[in-house]
Amino acid sequence: MPNPYMVPATVRCAAPGCKNVRGENNHWFVLLPETDQKLFEMFRYAESLVRNFPRAMPLCGEACALKVMSEQLQKPWPSETVAVIPHKGARALEDES
Ligand SMILES: [Zn+2]
């Protein structure tokens, strides 16, 4: 049984214009912007992600997740874009030929 004197931290949705606050059983997502060569990574909600990554964006559902993904995709491209083919993907292409 959880300690009744422990108040869980409030987590609110990071999507613009959304004021939703997370409850115990909400199915939320967490977006991590610009990780490595990826534009973003999307995870099922985990409190540790929000706590450990200052740039992690908690999102209250599909609509808000899509809104923020769309924003990430519209960010201006860097002047020199290097195409990186993931190792597994490259091997899959070789196998096909
Ligand atoms: Zn939201």
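**View 1. The whole chain at a glance.** The protein chain holds 3 helices and 3 strands. This is a predicted model, and its elements run β-β-α-β-α-α from the N terminus on. Of the 97 residues in the protein chain, 13% are buried.

**View 2. The hairpin of β1 and β2.** Let us start with strand β1 (residues 29-33), which pairs with strand β2 (residues 40-44) in the antiparallel sense over 5 bridges. Together, β1 and β2 form a hairpin, with 6 residues between them. Look in the turn for glutamate 34, whose phi is positive, at about 40°. Across the strand pair, leucine 32 stands opposite glutamate 41 in β2.

**View 3. The pairing of β1 with β3.** Here β1 meets strand β3 (residues 57-59), again in an antiparallel pairing, over 3 bridges.

View 4. As a reminder, strands of a sheet pair through backbone hydrogen bonds, either parallel or antiparallel. In this model, 3 strands form an open sheet in the order β2-β1-β3, with antiparallel pairing. The edge strands are β2 and β3, each of which pairs on one side only. On average, neighbouring strands of this sheet are turned by 25° against each other, direction ignored.

Terms used: Residues are numbered from 1 along each chain as its sequence is written. This is a predicted model: local features need pLDDT of at least 70, side-chain atom pairs count only at pLDDT 80 or more; totals for chains, interfaces and linings use all residues. Helices (H or I, at least four residues) and strands (E, at least two) are DSSP runs, numbered from the N terminus. A residue is buried if 20 or more other C-beta atoms lie within 10 Å of its own, exposed if 12 or fewer, and partly exposed in between; C-beta atoms are placed from the backbone. Two strands pair if DSSP finds at least two bridges between them. Axes are lines fitted to C-alpha atoms, for helices over the stretch in contact, and angles run from 0 to 180 degrees between N-to-C directions.
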